[in-house]
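Subject: Structure handover

Hello,

Here is the structure I promised to pass on. Please load it before reading the notes.

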Amino acid sequence: MTKLLISTAFAAFAVSAAAAPTGAPAVPPRPIAGIPTQLPRTARPLAYRIEIAPDAKALRFSGKAQIGVQVLAATRSLTLNAADLQIASATLQGPAPQNATVATDAAAQTATFTFARPIAPGNYRLDIAYSGKINQQASGLFALDYQGASGPKRALYTQFEAPDARRMFPSWDEPQFRTPYDLSVVVPAGQTAIGNMPERGRQKRPDGTMLVTFATTPPMPSYLLFMAVGEFDRITKMASSGTEVGVVTKAGDGEKGRLALDAEAEILPYYNDYFGQRFPLPKLDNVAGPGSSQFFGAMENWGAIFSFESILLVDPAITTEATRQRIYGVEAHEMAHQWFGDLVTMAWWNDLWLNEGFASWMSTKATDHFHPEWQVLLSRLDGREQAIGLDAVRTTHPIVQNIATVDEISQAFDAITYQKGEAVITMLENYVGPDAWRAGVRDYMATYRFGNTVTDDLWTKVERAAGKPITAIAHDFTLQPGVPLIRVAAAACRGGSTPVTLTQGEFSRDNPGKSALTWRVPVVAGTAGGVDTRSLVSGGQASVSVPGCGALIVNKGQSGYYRTLYTPALLDRIKGSYASLAPADQIGLLGDNWGLGLAGYQSASVALDLLDRMPAQANSQLVDRAASILRSAHDLYEGDPAGQARVARYASAKLSPMLARLGMDARAGEASNDAVLRSELITTLGDLGDPAVTADARRRFAALRTDPNALNGPLRTTILGIVASSADAATWDQLHAQALAEKVPLVRGQLYRLLASTRDEALARRALALALTDEPGATTSSAMIGVVAYEHPDLAFDFALANRVKVAGLVDASSSSRFFPGLASGSSTPAMVAKLQDYATRYMTPQSRRPADIAIGRINDRLRVRKTAGPVIAQWFEAHKG
Ligand SMILES: [Zn+2]
């Protein structure tokens, strides 16, 4: 490859030779059988040198690419990915340079360069001059607009997963092609640029702009390349391991990134140690962008994470305690990707879960390490419920799945990939033990660093480290879909232990009669207060002798990915001990039994009996689970005020004493989780129309008339949420005026979403109309439509469909196939099923219609639950009206 013609080396960052793997060649791909490629394999990229000149105002850019290419078999043409790019010229440099004729294929997202004479195998350089579009949604090179202190501003960022690098440069845009990148960008005076690597040089140009060039990246896939250009602050810190970490914000906001910066500095050395590999880049930034996406919140670009402000910056006026915890967790997730995903990358999107399941699991682990008081390990149970929600229905798919189209790549970012992935890793780590698991991960990292893998590469390493077969178990949970069901039967306690029979079936929400798949299921069982026993249910059944005679808990500690169904006698024992069980078991039992009740495996009253035994001092995440059950019971009686009133009365009686104990206002020095719980209780009670909480929220809101800052603080969002959802027209207008006057994008975006959260249908219509104007901002509009859909799914879907082209333009490319069906999925009307069928037939291909089928399944499930479990639940609340 030719060297860059850059004038001065820029010493803005200390780059130690040891830390900078610059100049490393492309890694020849390890031959992995069965990895699809959408591009011909006659050639592969060796290195990219890309120069981008954005015209931010015109939302266009011009680009020059010089791509080192190795031709592997004689050919007359080269096909690369390109989307929405206009190619002006292309020349293949070599012993005898030749110009190409170019044909683009919009549907396949490719450009084919054809040459007059055949190209012999060997190394060449493909020079391409082209231009493209700056998007206003987060894909490819995109713009985010906001009000700065001195007027309207526009900053540029990139988002290339998945797969949108092809929107900024012609490329072999598939994860198995790892190459170094030399990226340069033209930066207007007064602005700065951020890339994966530190700046290597800059060249002043005659028009006053600056050509900024970043140091060469290590070999990496195209989807991890990043750049941002704008008026930025950058705050930095040196991690104890010697890597500089930074947070980049709009000018003036630097200090809002302090929490994330401290998290970065804390987590980086921990990961260096856990993975056994030092972070290989000279710096790690997290770049904050104002706005939002329907597809993602943050992205793990190597050395330059991108996050939307709402999950990166702390604004004391609005940031809740839960958001503070979330900022830490997101930071830990994106940083875990710097190893799992970036240093070692899945060979193809089939194994996306290797990235996402692992980063989710690692984030929870790291967060728990530094903040045990947040009890985030318990949040995995919430993740398990989300995964089961998607996995126990006909539309599910295995964790490792066949991916062929761009739509399928985007759709793979779901709760199966993230939360089931995390749940399965949790179970397997528990099965082999944390030390063996980590040893396997370290071996995997050491072997495949700067390379690509498939899922079995991980199992092989962990199996070797553990000296225990896990591949077969792992295959059961990753190569086949669905949720195991363990039925528990027990004989009377004898000689101090309980004989237990475990029978494996399958939990299904929409097809309970189906013949069950078989899994090898690692099971931990124990009696209340007794010693745990471990077994592997294999071949459908296992008999175990569990020490102790107390209440029997299967899946004790709740690390297993399955549902547990007890006999009524065993459930009676559990109810008797429920209040004193460990929080994980309390939460897991509540989730399992509610799910089993709604699916018809047992009475829905079992879970409510457990909920009723939840102690007043319950763990905050148990309260969270109970609150979500109460809200879903309330939703069940939509259109039945008496039914809703029964649930609301019970919820007030159960939850208000907890809120009274915490108080309505933050207390100095209180536990972080108490602050989170307070918000959760206020929100739930407010949602269910609790008179005291609603009146209090309105009283606080009234203070805004005289003091616009009266509500500022961690409860502002919570209080405004209650006021906005129950707003009358005058209150809504007041909120709207606030939104119009607000300058801070983070606060402003939140106010527009609040306007959309109204329960009043006429106001919801006004929110929808407002979403289609320029007022909320390009990336807030689709969020507003999505929020309207929580309360008014039919209205939101009909509106979006009536304005289909315009609404589609408000959603980023990766979300388009999910956005419309997602709006309808909360509906309870049979007519919506037909509308969705029609939508799928008209606008979706057979490969891309899964989101519509999921939404249809949810609606049918809701209609079924109302009919089957509804009466039992109504009876239960009638009997518990106190
Ligand atoms: Zn991720």
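First, the ground rules. This is a predicted model, where local features need pLDDT of at least 70, side-chain atom pairs count only at pLDDT 80 or more, and totals for chains, interfaces and linings use all residues. Residues are numbered from 1 along each chain as its sequence is written, and side-chain values use heavy atoms, leaving out hydrogens and water.

**Sheet**

Four strands make an open sheet, ordered β27-β24-β23-β29, with mixed pairing. Strands (E, at least two residues) and helices (H or I, at least four) are DSSP runs, numbered from the N terminus. Two strands pair if DSSP finds at least two bridges between them. β27 (541–547) and β29 (563–565) are the edge strands, each pairing on one side only. On average, neighbouring strands are turned by 30° against each other, direction ignored. Axes are lines fitted to C-alpha atoms, for helices over the stretch in contact; angles run from 0 to 180 degrees between N-to-C directions.

β24 (residues 497–507) runs antiparallel to β27, and seven bridges join them. Within this pair, Val-500 stands opposite Val-544 of β27. Helix α11 (residues 583–599) lies across β23 (483–490), β24 and β29, at about 75° to β29. Contact here means heavy atoms within 4.5 Å.

**Cavities**

There are two cavities of 30 Å³ or more. On a 1 Å grid over the protein atoms alone, a cavity is a set of points where a 1.4 Å probe fits but cannot get out; a pocket is an open set with protein on both sides within 12 Å along at least five of seven lines; lining residues have an atom within 4 Å of a point. Points are joined across faces, edges and corners, and a volume is the space filled by probe spheres set on them.

The largest cavity has a volume of about 80 Å³. Its lining includes Met-427, Tyr-431, Arg-534 and Tyr-562. α6 (416–432), β25 (521–527) and β26 (533–537) each give two or more residues to that lining.

The second largest cavity has a volume of about 30 Å³. Among its lining residues are Tyr-181, Phe-214 and Leu-225.

β9 (140–148), β10 (151–159), α19 (745–755) and α23 (804–808) each supply at least two lining residues.

Best wishes
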